[in-house]
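Hello,

Here is the structure I said I would pass on. My notes follow below it.

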Amino acid sequence: MPLPSDERLIALSNDLLQQFETIFGQHPGFRPAHAKGTLLTGTFTPTPSATTLSRASHLTRSSTPVTVRFSNSTGLPLIPDNDPNASPRGIAIRFHLAEHSHTDIIGHSTDGFPTHTGQEFLEFLRAIAASASATSHPTPVEAYLGSHPAALAFVQAAKPNPSSFARESYFGVTAMRFINKDGASCYGRYRILPEAGNDFLDEAAAAKKTPNYLFDEIAERIAKGPIKFRILAQLADDGDVVDDATIHWPEDRTQLELGTITLTQPVADNAHEQKQIIFDPIPRVDGIEPSDDPLLELRAAVYLISGRRRRSAHEQ
Ligand code: HEM
């Protein structure tokens, strides 16, 4: 995955990484966002209908090996799983197409994002950081939320604790453009839904859980049997906004089943492999193109810069 040459994009990426560090502190060797995670492996099996949407190779061949990383929110590697800031949870899926060839899906457990652009997200993070020492109201973040309804909606969206990473739903949030073998194209947004169904804890039940309950649970669950998720694409109608992660499409839009992920094993040497793997928000595979959502190109740069730092870091 290449680093873009656009200097403004790189400068914004570095400013965003600096802001994460200001808020969460320095944790060399860990991600500045979604720091606490675990990797599992398995396979992806597409449905026959997936090829109507895209000619991408993992949707046309019978099965593809995958690596999946589940994570808590924030840049705190030790955040308790029942901390309210640990949501949204993350999922990152790597489809191993061939040696040195892969494509990824990244999603989180809230359907949406607080800002349309990376610059707005930087302003939001700066407002959060400035509010830590604020003594009067409105604090900078209260003022930001007062003037940015999409960010307020994201902050106020319910984010209950799941009983398991395997009982949570995840959303790709940014649209992709899918192209099939006849050249027909359609925009869609990923949804990754647990075969075991959603299951959430109320506040009292969450408060009684241990700080690692989700990571302990997923290790126990996979030791007993496979963990499955369905991958769907919510398809845009003509006229739907396809370049803004803050805008929802109506729930009655078609949801096409693309296939099933079956996870069977934890990754050996998990901490080392988490340090090495750098997920990419841009698909970079024939048959799936990024939309013009400005978050995609920026995040690809941010994750790559961050991942390279992580790989070269010596933990303290
Ligand atoms: C301007 C927007 C965003 C910024 C600046 C940002 C920033 C970051 C950073 C710095 C990382 C750590 C990357 C690494 O070190 O490898 C990260 C990881 C992650 N982000 Fe974002 N993010 C943004 C938007 C999103 C959106 C829209 C989603 C939901 C789809 C999302 C979900 C995730 C997940 C799941 C991870 C963990 C990936 C992994 O397991 O390696 N982020 N983000």
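**What was found**

The buried residues of α4 are covered by elements that include α1, α5 (140-147), α6 (149-156) and α10. Covering here rests on contact, that is, C-beta atoms, placed from the backbone, within 7 Å of each other. Helices (H or I, at least four residues) and strands (E, at least two) are DSSP runs, numbered from the N terminus.

The model is predicted: local features need pLDDT of at least 70, side-chain atom pairs count only at pLDDT 80 or more, and totals for chains, interfaces and linings use all residues. Residue numbers start from 1 along each chain as its sequence is written.

Helix α4

The buried residues of α4 are Gly-118, Phe-121, Phe-124 and Leu-125. Seen down the axis of α4, they fall within an arc of 110°, so they line one face of the helix. The arc is that of the directions from the helix axis to the C-beta atoms. A residue is buried if 20 or more other C-beta atoms lie within 10 Å of its own, exposed if 12 or fewer, and partly exposed in between. An α-helix has 3.6 residues a turn, so residues three or four places apart point the same way. The 14 residues of α4 should span 20 Å at 1.5 Å a residue, and its end C-alpha atoms are 20 Å apart, which agrees. The expected span is 1.5 Å times one less than the number of residues.

The ligand

Around the ligand there are 31 residues, of which Ala-33, His-34, Gly-90, Ala-92 and Ser-306 come nearest. Elements giving two or more residues to this shell are α1 (7-24), β2 (64-71), β3 (90-98), β4 (101-108), α4 (118-131) and α10 (294-312). The most comes from α10, with 8 residues.

Strand β9

Strand β1 (residues 37-46) pairs with strand β9 (residues 255-266) in the antiparallel sense over 7 bridges; pairing requires at least two bridges found by DSSP. Gly-42 stands opposite Leu-263 in β9. Strand β8 (residues 227-235) also runs antiparallel to β9, joined by 8 bridges. There, Ile-231 has Gly-259 in β9 as its bridge partner.

Arg-284

Arg-284 lies in the loop between α9 (270-276) and β10 (288-290). Arg-284 counts as partly exposed because it has 15 C-beta neighbours inside 10 Å. Not counting residues up to four places away in sequence, Arg-284 touches Met-1 and Thr-103.

Regards

Terms used. A residue is near a molecule or strand if its C-beta atom, placed from the backbone, lies within 6 Å of it. Two residues are in contact if their C-beta atoms, placed from the backbone, lie within 7 Å.
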